[in-house]
Amino acid sequence: MNETILIVEDERKFASLIEDYLKQANFTPFCLYNGLEVSAWVRTHSVDLIILDLMLPGRDGMEVCRELRSFTGVPIIMLTARVEEIDRVLGLEMGADDYICKPCSPREVLARVKAVLRRTSPSPAQYKRGGLVLDELCNKAILHGHDLELTAVEFKLLSFLAANPGRISSRDQLMERIYPDQRIVNDRTIDSHIMKLRKKIAEVAPDEELVHSVYGLGYKFEEKSGRS
Ligand code: CA
């Protein structure tokens, strides 16, 4: 394995406990203890996953996460003791990939790290579907040369649908893909993300409907012109 995992957590004892666990599991962990240092570190190092505590000195985890998402799609697991923040953490605004509620055991953290890596890394980094280029490394979707400027969630939806062209995915399947534990969201969440996604596609290519809704069943990706 040997993936590099960045741990951002100011409780040093807990951070070094996680560090030890990750080392034993053949990961290469690195610890930061202040929110202000994170972006600069991530820009200058190659990192495969970030464990990010919400409560940090310097800059809190929310801000750090938002900052990271402006330039990288690297998987982020948020650590939080504030259950009421979870919705925001995973939602549109933050785009974290998963969260762990504190207090938690290092074993739990390790299990979650493995699960998120499994989920986020099996596909090739970049692939094409007609005029659409999906870059999974930086979460970018380029349609006919234009960046669609998708949120992390919209990107996940589009890349999942595009990976299976013509196949109908139900809302449940999509929710499972985006929020594996189905802890928070309801059906409407998917619909509203899809709506925004389609709007962004329509802005770049009004005649190209890539994401189709199939009444009563769900959604599918298909490259066919909407108006011809
Ligand atoms: Ca903390």
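Trainee: Which residues does T4 touch, not counting residues up to four places away in sequence?

Mentor: First, the ground rules: this is a predicted model, where local features need pLDDT of at least 70 and side-chain atom pairs count only at pLDDT 80 or more, while totals for chains, interfaces and linings use all residues. Residues are numbered from 1 along each chain as its sequence is written, and side-chain values use heavy atoms, with hydrogens and water left out. Contact means heavy atoms within 4.5 Å. On that basis, T4 touches T28, W41, S46, V47, D48 and L49.

Trainee: Is T4 buried or exposed?

Mentor: Buried means under 20% relative accessible area, exposed over 50%, and partly exposed in between (1.4 Å probe, protein chains only). T4 has a relative accessible area of 18%, so T4 counts as buried.

Trainee: Which residues coordinate the calcium ion?

Mentor: Look for donors, which are N, O and S atoms within 2.8 Å of the metal (3.2 Å for Na, K and Ca); water is not among the atoms, so sites may look incomplete. Here the distances run from 2.1 to 3.0 Å, and the residues are E9 (OE), D10 (OD), D53 (OD) and M55 (O).

Trainee: How many residues apart are E9 and M55?

Mentor: Helices (H or I, at least four residues) and strands (E, at least two) are DSSP runs, numbered from the N terminus. E9 is in the loop between β1 (4-8) and α1 (12-24), and M55 is in the loop between β3 (49-53) and α3 (61-69). That puts the pair 46 residues apart.

Trainee: Of those two, is M55 buried or exposed?

Mentor: E9 is buried, at 0% relative accessible area. M55 has 54%, so M55 is exposed.
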